[in-house]
Amino acid sequence: MTAESQQAAGGAESAAPNAADTGHYGHGHQGDGVLKLAVGAVGVVFGDIGTSPLYAFRETFAGHHPIEPDRLHIYGVLSLVFWSMMLVVTFKYVLTIMKADNKGEGGSLALLALISRSSEGKRWTWPIVLLGVFATALFYGDSMITPAMSVLSATEGLEYVNPGFAPYIVPIALAILIALFAIQSRGTAKVGALFGPIMLAYFVMLAALGIMHIGDNPWIIVETINPMNALRFFYIDGFTAFIALGAVVLAVTGAEALYADMGHFGRKPIGVSWLVFVLPALMLNYMGQGAMVLAAEAGPRAELISDPFFQMMPDMWRVPVVILALLATIIASQAVISGAFSLTQQAIQLGFIPRLRVEHTSASAAGQIYIPVVNWFLMIMVIILVLFFGSSSNLAAAYGIAVTGAMFIDTCLLSVVLFTLWKWPAWKALPVLAVFFIVDVAYFGANLIKVPDGGWVPLAIGLVIFTMLTTWSRGRKLMQQEMAEGAMPIPIFVKSAANSATRVPGTAVFMTSSSDGVPHALLHNLKHNKVLHERIILLTIKIADVPFVEEKKLCQLDGLGQGFHRLILNYGFMQPVDVPAALHRVTGCGGDFKMLETSFFLSRQTLIAAAKPGMPIWREKLFAWMLRNSESAMEYFRLPTNRVVELGSQVAI
């Protein structure tokens with residue numbers, strides 16, 4: 001965490017599993033019924049995991065490591081899929097991790113902030129921070145592969161409508177993806193109203209297709225639920241079963257989205273929609289695919305397993321099913337893109353990413369944001385992935401390793417929560433963690449086999465982003481330390497400057513990242529202009545380790561005498577910062593703030609890479625580049641453009 005956010009936390013708060021009632025319902029939805037929120041969750045939260053039937057079963061048998069589609073293997077794989085969903089999605093995320101909410105918010109960064117706030121600066125916290133940051137970096141890799149994989153897999157279904165579409169599958173997929181990224185700046189509020197009904201229809205379609213074919217082999221339901229089939233698969237054909245895990249995990253990709261989107265819908269509605277509707281629909285479809293393949297003779301069976309989902313369709317259903325699958329994959333991609341925007345905003349506020357331009361696309365919903373740099377970067381990477389891999393089967397080799405890595409890190413963070421926040425005894429925590437770690441390590445190990453076939457792509461992306469996030473965090477800390485060393489104590493400055501400098505009418509707001517000492521911009525202004533305004537505000541923005549700060553705790557004002565005031569504005573890491581709006585609510589420091597009579601003074605640092613022990617030269621140069629290209633404080637804090645004065649300084653770290 002940044003120094004500001006640690007100071008703002010003000011000590012550890014109690015974090016019992018049921019302490020935050022906001023975990024039951026999303027922010028702003030406390031008055032909505034569970035059923036309404038559960039339907040909304042189906043439209044947003046389950047898009048990624050809902051599109052897995054398009055490719056997960058196929059990749060297990062006909063992917064880069066094909067398996068014979070006989071009775072042993074099909075029953076074994078279906079059992080693995082079912083118990084993966086129960087252990088990973090139901091028990092790990094819905095029933096356990098989702099109880100670890102940070103004031104109702106979920107996700108790796110929210111969990112990391114919760115742990116950091118409650119750890120009170122313990123020495124072991126830094127490795128935990130690195131783990132959380134790496135999970136964040138892996139999510140960006142996942143947010144690039146998910147749109148490419150899901151849209152491409154659905155577009156490939158056009159071949160079953162008309163074989164003449166085959167040469168145009170990649171261009172059509174690219175056109176859909178480019179259009180999806182192009183409309184992000186318009187917001188998703190209007191289109192989002194359609195997400196729920198479309199995804200409801202999609203899951204009903206999944207269940208209907210599955211039920212149609214389960215009639216060929218009703219006993220497959222019992223065989224799927226029976227865990228002995230998964231164990232028998234490993235006992236008879238161990239290495240093949242281990243390799244199969246690398247494809248079976250595709251059935252649970254998107255499980256982490258349940259936790260990340262908890263703040264929008266709440267724990268209970270997501271759990272209800274998963275257990276009552278989504279899980280049954282998914283399993284019916286997987287069992288239907290297995291029953292269809294088993295009912296076929298050896299020759300047709302090999303053809304069916306090459307793409308079982310689209311070959312489940314009756315001829316009269318082909319067009320509507322392909323269209324519905326395409327819409328579902330677009331919705332899944334939209335959810336991941338929106339998640340990348342939300343995660344980026346959190347990372348900016350928590351000090352891991354430079355300031356970027358954040359546009360709010362809805363006047364009523366604070367979570368509806370658009371970040372142009374992230375949007376176009378994701379679009380370029382998605383286009384490159386589609387062109388580089390060319391098919392969803394090739395992309396499947398790259399898909400999964402980022403997800404399993406993030407799931408493993410979530411379990412590591414959960415172990416800290418169980419022992420330090422919830423105070424579980426070892427006899428209770430260790431068996432739970434042992435099950436989760438065994439499953440996560442098995443899945444991650446199976447996906448490591450994919451590294452030569454394309455699994456290196458998300459790992460490389462994650463490593464680059466992890467380097468940038470940690471470089472920015474470390475560089476900011478070093479720069480603040482360097483600037484704090486030469487800072488003059490504020491009481492001495494007030495006594496000496498107030499009596500010697502000429503005072504001029506108006507208000508001057510000097511923004512500073514440190515709540516101690518005299519801002520560099522104030523020293524430079526006095527040095528060059530030799531005047532002081534009648535009212536001087538030393539303003540510090542602090543980001544707390546909680547998603548939202550109550551309005552009554554937003555402002556902290558201290559009078560320093562001689563017209564000087566220290567003002568601290570506290571925000572949560574999910575809240576946008578609007579300085580003029582906050583100043584209008586401030587009272588008790590000499591009248592209201594009038595923007596036409598207020599000047600904002602900012603200090604813009606130019607970094608000089610120096611051979612100091614702080615960071616290697618290459619990381620200092622990377623930090624300097626990120627500093628130069630970050631959004632100006634004027635736009636990020638929404639300051640009036642004609643009332644801002646920037647004063648430069650050089651800093652060596």
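This is a predicted model: local features need pLDDT of at least 70, side-chain atom pairs count only at pLDDT 80 or more; totals for chains, interfaces and linings use all residues.
Local features need pLDDT of at least 70 and side-chain atom pairs count only at pLDDT 80 or more, while totals for chains, interfaces and linings use all residues. Residues are numbered from 1 along each chain as its sequence is written, and side-chain values use heavy atoms, with hydrogens and water left out.

View 1. Welcome to helix 23, residues 426-448. Helices here are DSSP runs of H or I with at least four residues, numbered from the N terminus. The end C-alpha atoms of helix 23 are 31 Å apart, which agrees with the 33 Å that its 23 residues should span at 1.5 Å a residue; the expected span is 1.5 Å times one less than the number of residues. An α-helix has 3.6 residues a turn, so residues three or four places apart point the same way.

**View 2. Alanine 402 in helix 22.** Take a look at alanine 402, which is buried with a relative accessible area of 5%. Setting aside neighbours within four places in sequence, its contacts (heavy atoms within 4.5 Å) are Leu138, Asp142 and Pro458. Leucine 80 is 322 residues from alanine 402 along the chain, and their C-alpha atoms are separated by 20 Å.

**View 3. Helix 7 and its bend at isoleucine 145.** Helix 7 (residues 125-155) has 31 residues and reaches 45 Å from first C-alpha to last, close to the 45 Å expected. Of these 31 residues, 25 are buried, so helix 7 is largely enclosed by the rest of the structure. The bend at isoleucine 145 is about 25°, taken as the angle between axes fitted to the seven residues ending there and the seven starting there. Proline 147 follows within four residues.

**View 4. The largest cavity and its lining.** A cavity is a set of points on a 1 Å grid over the protein atoms alone where a 1.4 Å probe fits but cannot get out, and lining residues have an atom within 4 Å of a point. The volume is about 170 Å³, meaning the space filled by probe spheres set on the points. Of the 17 lining residues, Glu59, His64, His65, Ala247 and Lys450 lie nearest the centre. Helix 13 gives the largest share, four residues.

Conventions:
Helices (H or I, at least four residues) and strands (E, at least two) are DSSP runs, numbered from the N terminus. Buried means under 20% relative accessible area, exposed over 50%, partly exposed in between (1.4 Å probe, protein chains only). On a 1 Å grid over the protein atoms alone, a cavity is a set of points where a 1.4 Å probe fits but cannot get out, and a pocket is an open set with protein on both sides within 12 Å along at least five of seven lines; lining residues have an atom within 4 Å of a point.
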